Amino acid sequence: ILRNSRMEQTVEMKQQGIKAGATVLIVGGEGQMGRFFSDLFRASGYIVRTLSEKNWNDVASLCKDADLVLLSVPIHVTLETIQRIAPHISPTTILADLTSIKTAPVDAMLKYFTGPVIGLHPLFGPSCATLDKQIIAVTPGRDNGKCRWLVEQLSLWGAIMVNAEPEEHDDIMDIVQALRHFATFCFGQFLCRKKVNLARSLEFSSPIYRLELGMVGRLFAQDSSLYSEIIFATPSRRKLLKQYVAAMNEQIELVESNDKTLFMERFSEVTQWFGDFGNQAMRESDFIINKLIERF
Ligand code: NAD
């Protein structure tokens with residue numbers, strides 16, 4: 001009930017933009033995240049312009065008098081887009097981006113643009129109904145004070161803003177996104193290769209298998225290009241994924257030797273390393289499992 005009433009409040013607050021009337025140019029504004037943020041800004045009284053591949057000829061007039069230029073283009077064109085648009089943006093405008101990696105885009109924004117810069121990474125997809133309780137990573141670039149209204153606006157829409165340096169953000173995302181999605185991809189691909197009868201397996205499913213399959217199925221129901229961009233975004237990510245595959249290979253010896261003692265040794269090493277999080281994980285996953293049982 002509390003959450004619903006907060007969400008209703010958040011919806012109402014949409015009407016009162018902190019800088020209502022300001023002009024926001026969204027580059028890639030017809031894409032998924034671009035449309036999500038256009039709707040939010042428009043609903044709060046901002047003037048929203050969009051720049052797509054089709055209207056680059058109008059870039060100068062679209063940038064003119066903009067209070068914020070928000071980049072929401074695919075990762076692989078982000079750096080060239082920053083370089084291309086920066087000369088058209090006034091140094092009083094905020095330049096921000098939504099890219100899922102932060103070091104290279106923030107460096108490029110600082111290099112090619114002299115005004116206020118802020119890096120953002122929404123940790124959710126465009127299918128969310130509202131920003132309520134959704135996390136947005138914030139990596140400051142330049143002139144934090146001038147960027148404050150944007151951060152406050154996102155908070156007012158209900159987002160939880162988490163600050164990080166771009167490098168720290170990227171290191172964490174190597175694990176939270178690249179490794180997680182890649183491991184899910186590998187599992188799904190293996191099920192596919194083994195031609196597992198999914199429907200029949202779900203009939204016999206333990207709650208945790210249903211939950212796991214929900215995560216895996218969810219990945220393959222989405223846009224493969226988005227995930228390929230995230231998973232293979234940087235050389236450090238690709239290196240990490242190779243280490244992961246190599247580490248999986250090391251477990252073959254365990255299977256071949258049928259060494260249960262060694263398995264248990266490795267298991268307890270990880271249990272100790274997880275420490276208190278183990279209990280938290282039990283509580284949280286029990287909660288979700290019980291919800292799932294209520295539902296199905
Ligand atoms: P998308 O492909 O749906 O949208 C990108 C848009 O940019 C498209 O409309 C495309 O036509 C346009 N575009 C491509 N090149 C362009 C150019 N040179 N000039 C202008 N427009 C151009 O992608 P998306 O999922 O909306 O992702 C956009 C950004 O948001 C990416 O940086 C991504 O990392 C980030 N992001 C996405 C999600 C998500 O779940 N989709 C979540 C967090 C962050």
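How many helices and strands does the protein chain have? The chain has 13 helices and seven strands, where helices are DSSP runs of H or I with at least four residues, strands are runs of E with at least two, and both are numbered from the N terminus. This is a predicted model, in which local features need pLDDT of at least 70 and side-chain atom pairs count only at pLDDT 80 or more, while totals for chains, interfaces and linings use all residues. Residues are numbered from 1 along each chain as its sequence is written.

Along its principal axes, the C-alpha trace of the protein chain spans about 70 × 45 × 35 Å. The chain is divided into domain 1 (2-164) and domain 2 (169-258), with bounds that come from an automatic or database domain assignment. The centres of the two domains, taken over C-alpha atoms, are separated by 31 Å. Across the boundary, 11 residues of domain 1 are in contact with eight residues of domain 2, contact being defined by C-beta atoms, placed from the backbone, that lie within 7 Å of each other. On the side of domain 1 that touches domain 2, α4 (75-85) and β6 (135-142) each supply at least two residues. By class, that side of domain 1 has five nonpolar, five polar and one charged residues, with Ala, Val, Leu, Ile, Met, Phe, Trp, Tyr, Cys and Pro counted as nonpolar, Asp, Glu, Lys and Arg as charged, and the others, Gly among them, as polar.

Of the 296 residues of the protein chain, 26% count as buried; a residue is buried if 20 or more other C-beta atoms lie within 10 Å of its own, exposed if 12 or fewer, and partly exposed in between, with C-beta atoms placed from the backbone. A nonpolar core is a set of buried Ala, Val, Leu, Ile, Met, Phe, Trp, Tyr and Cys residues joined through C-beta atoms within 7 Å. The largest such core has 43 residues, and those with the most contacts inside it are V24, L25, V27, L68, V69 and L70. Leaving aside neighbours within four places in sequence, V24 is in contact with F41, Y46, V48, A66, D67, L68 and L70. A second, separate core of five residues includes I101, M173, A178 and F182.

The ligand is surrounded by 24 residues, of which the closest are G28, G31, M33, S100 and G125; a residue is near a molecule or strand if its C-beta atom, placed from the backbone, lies within 6 Å of it. Both α2 (32-43) and α4 supply at least two residues each to this shell, and α4 gives the most, with four residues. The shell divides into 11 nonpolar, 11 polar and two charged residues.

Two valines illustrate other surroundings. V59 is found in helix α3 (residues 59-63) and counts as partly exposed because it has 17 C-beta neighbours inside 10 Å. Not counting residues up to four places away in sequence, V59 touches L51, I85 and H88. V245, in helix α11 (residues 235-257), counts as exposed because it has 11 C-beta neighbours inside 10 Å.

Helix α13 (residues 277-295) has 19 residues and reaches 27 Å from its first C-alpha to its last, close to the expected 27 Å, the expected span being 1.5 Å times one less than the number of residues. This helix is hardly covered, the count of buried residues among its 19 residues being zero.
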